[in-house]
Amino acid sequence: MTAHRILLTGVFGPFGIKNKYAEGTGMQMELLNNQITRGQGIHSPRQSYWTFPLYLLAENISVPSTVLDFPSWRKFTSELKKGYTHVGINFIPANVYKAGRMARYIREHYPEIKIILGGYGTIIPDLKDIVPCDEICKGEGISWLRNYFDENPAAPIKHPAIFGPAYEYIYGVKGRPSGGIILPGVGCENGCNFCITTHQFNKCYVPFLKTGKEIYDACLKSKIKIGTSGFTIMDENFLKTPLRARQLLEEMARNNMPFVFDIFSSAEVIKQMGVDFLVRLGVRMVWIGVESKANSHEKTKDIDLKALIAELQSKGISVNASAMLFMEHHDKDSLPEDIDWVIGLGSDMIQFMNYTPLPTTTLSERLAREGRLKDMDYRHFHGQGELAFDHPHYKNPRDHFTILKKAFKKKYTTDGPGILNMASTIISGYREAVKDFIDRSSQGLAWNPETLRYEKTDNPVPDEFMLLRIKMMQKMAMNIRMILPASMVYSPNMRARRKARSVIKLYRESLGPLPFANRVLSGLLIISGLVETLRLAMARIRGGESIVRQPPSRRVEYPLSAVTIRHLHRKPVLITPRSTGESLAV
Ligand code: SF4
């Protein structure tokens, strides 16, 4: 019998370019430029994220595997020559025709290979008619694959050290991605009617990392291998497991290791945990689903979102609010009102998405029962274009594009670039943290990990962990400061220019004059911003909405060899956790 060997691959590029397999708009391999800072021109940070689940899967099965991320068609077909018994293709619904082309090619040239389909694309009801396959992996993939290969599905999950973005550009300058990614679990219990995440996992949360200690260890592993202290936590509702978040803070405090996190969390759990907790935890940015002024979802009921967002920002936590357009109650009056309402919340950034009834959601099932689902091609299921259902007040597909695009524009012209807003939040938070620290010390207040509040104590001890946290905030402020001159020079209007000026002033007051080396770098950003402006103009003349960038391909074999580890990760970092005194190095 042939030994198993599996290729785990994403779909092939190019991405964000309309062709017979996928759309262009809404389909770049970028989150920010696609649906958050869309329409912000050169101010839009450009980042593309690797297909993280593939690495997690490969790390957690014994069968030898290869991860092929962002392959070109040529790389994909060449890879197949290397001899596989199985190919797993991960895709989203809008990329189903790419998956179809890959599967048909395998069937034609390697009929003995078993094809396994995974990812959110598996929600498509008639998937087997579009993509020939042997198996469809639904739900949580690690235990599914382990079961499939007769391995122990309950074996402990190993979390790989994963680099964040595949690329990063700001004002046209290519950065060196330095963030890490943590995948603590999948699914969400909240059960919002439109949400594919919650429905894919039967309205349950499936944890990979069950305790705060496990998350801390995963972060530490990444710090050792990648050298990063900042992580994006890819968990749809991270604070919904509050005990684990508390344990994570305790671990960091015990080890004096103030990691920094970008997280997703719903408003009701943020309220429950309290903003001071998020500050201590090291949350740099939180993504909150505010959806609509109608507050029809449990997660936002009776919460003053504007006050909550203002409090988060005042303490240095940037907020990305996500809102739904063309919900069923939206009419010619309430939709513009809702757009104004969400902009009025004053978050740093907004994700606008068109209400999309993805298959398997309760929204989709109800609309199907009511006969209101359109027979729309799956390639359009990306939330940035035509609605997939018959809306009572918006029948013309052109409206679905233009109103969405105008909403992004309005946010941009009202509040200026998202990157400027983040810089503003970071410096305000740093100043507030210093002031609060001094106030608390003089008032004898100390952090109570039970109540998650600062309380009066008879024996206050110096809050060393918060001092480390403040130093980390200062470092973040110094890093982002360099973009400010470019954000001012290329401001979309006077209002944004005034804002940039006042933020620059705040930085000067708080951190002193910009050091010479940083001034040079800021100048370079202005020059590259000019080049980027010209490139953007050319892209628009050619009919595009923005500059389309392609992520690099990456191929990783598992189990990892020492050579691969050295190639994947940067120089080893020597660190000494305070609690044990042991030095760790790879
Ligand atoms: S809170 Fe967010 S992740 Fe959870 S079900 Fe609602 S939309 Fe989905």
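Trp73, Phe76, Thr77 and Leu80 of helix 3 meet Arg101, Met102, Tyr105 and Ile106 of helix 4, where contact means heavy atoms within 4.5 Å. Helices (H or I, at least four residues) and strands (E, at least two) are DSSP runs, numbered from the N terminus. By class, this contact of helix 3 with helix 4 has six nonpolar, one polar and one charged residues. The classes count Ala, Val, Leu, Ile, Met, Phe, Trp, Tyr, Cys and Pro as nonpolar, Asp, Glu, Lys and Arg as charged, and the others, Gly among them, as polar. This is a predicted model, in which local features need pLDDT of at least 70 and side-chain atom pairs count only at pLDDT 80 or more, while totals for chains, interfaces and linings use all residues. Residues are numbered from 1 along each chain as its sequence is written, and side-chain values use heavy atoms, with hydrogens and water left out.

Two packed helices are described by the angle between their axes and the distance between the axes. Helix 3 (residues 73-80) and helix 4 (residues 96-109) pack at an angle of about 30°, with their axes 11 Å apart. The axes are lines fitted to C-alpha atoms, for helices over the stretch in contact, and angles run from 0 to 180 degrees between N-to-C directions. Helix 3 is therefore roughly parallel to helix 4; angles under 35 degrees count as roughly parallel, over 145 as roughly antiparallel, 65 to 115 as roughly perpendicular and the rest as oblique. The crossing of helix 3 and helix 4 is right-handed. A crossing is left-handed if the near helix is turned anticlockwise from the far one by less than a right angle, and right-handed if clockwise.

On the side of helix 8 the contact is made by Gly212, Lys213, Ile215 and Tyr216, and on the side of helix 9 by Arg244, Gln247, Leu248, Glu251, Met252 and Asn255. These contact residues of helix 8 and helix 9 divide into four nonpolar, three polar and three charged.

Helix 17 contributes Gln474, Ala477, Met478, Ile480 and Arg481 to the contact, and helix 19 contributes Tyr507, Arg508 and Leu511. By class, the residues of this contact of helix 17 with helix 19 divide into five nonpolar, one polar and two charged.

An open sheet of seven strands has the order 7-10-13-14-15-16-17, with mixed pairing; two strands pair if DSSP finds at least two bridges between them. Strand 7 (162-163) and strand 17 (349-354) stand at the edges, each with a single partner strand, so one side of each has no neighbour in the sheet. Within this sheet, strand 15 (residues 283-291) and strand 16 (residues 318-325) pair in the parallel sense over six bridges. Glutamate 291 stands opposite alanine 323 in strand 16. Helix 15 (residues 397-415) lies across strand 16 and strand 17 and runs at about 175° to strand 17.

An open sheet of three strands has the order 2-8-9, with antiparallel pairing. Its edges are strand 2 (46-49) and strand 9 (173-174), each with a single partner strand, so one side of each is left without a neighbour in the sheet. Four bridges join strand 2 to strand 8 (residues 165-170), and the two run antiparallel. Tyrosine 49 stands opposite proline 165 in strand 8. The loop between strand 8 and strand 9 holds tyrosine 171, which has a positive phi of about 50° although it is not a glycine.

Two other loops contain cis peptide bonds. One runs from glycine 13 to proline 14, with omega near 5°, and proline 14 lies in the loop between strand 1 (6-9) and helix 1 (32-35). The other runs from tyrosine 558 to proline 559, with omega near 0°; proline 559 is placed in the loop between strand 20 (554-558) and helix 21 (562-568).

The ligand is surrounded by Cys188, Asn190, Gly191, Cys192, Phe194, Cys195, Thr198, Glu236, Asn237 and Lys299, each with a heavy atom within 4 Å of it. This shell divides into four nonpolar, four polar and two charged residues.
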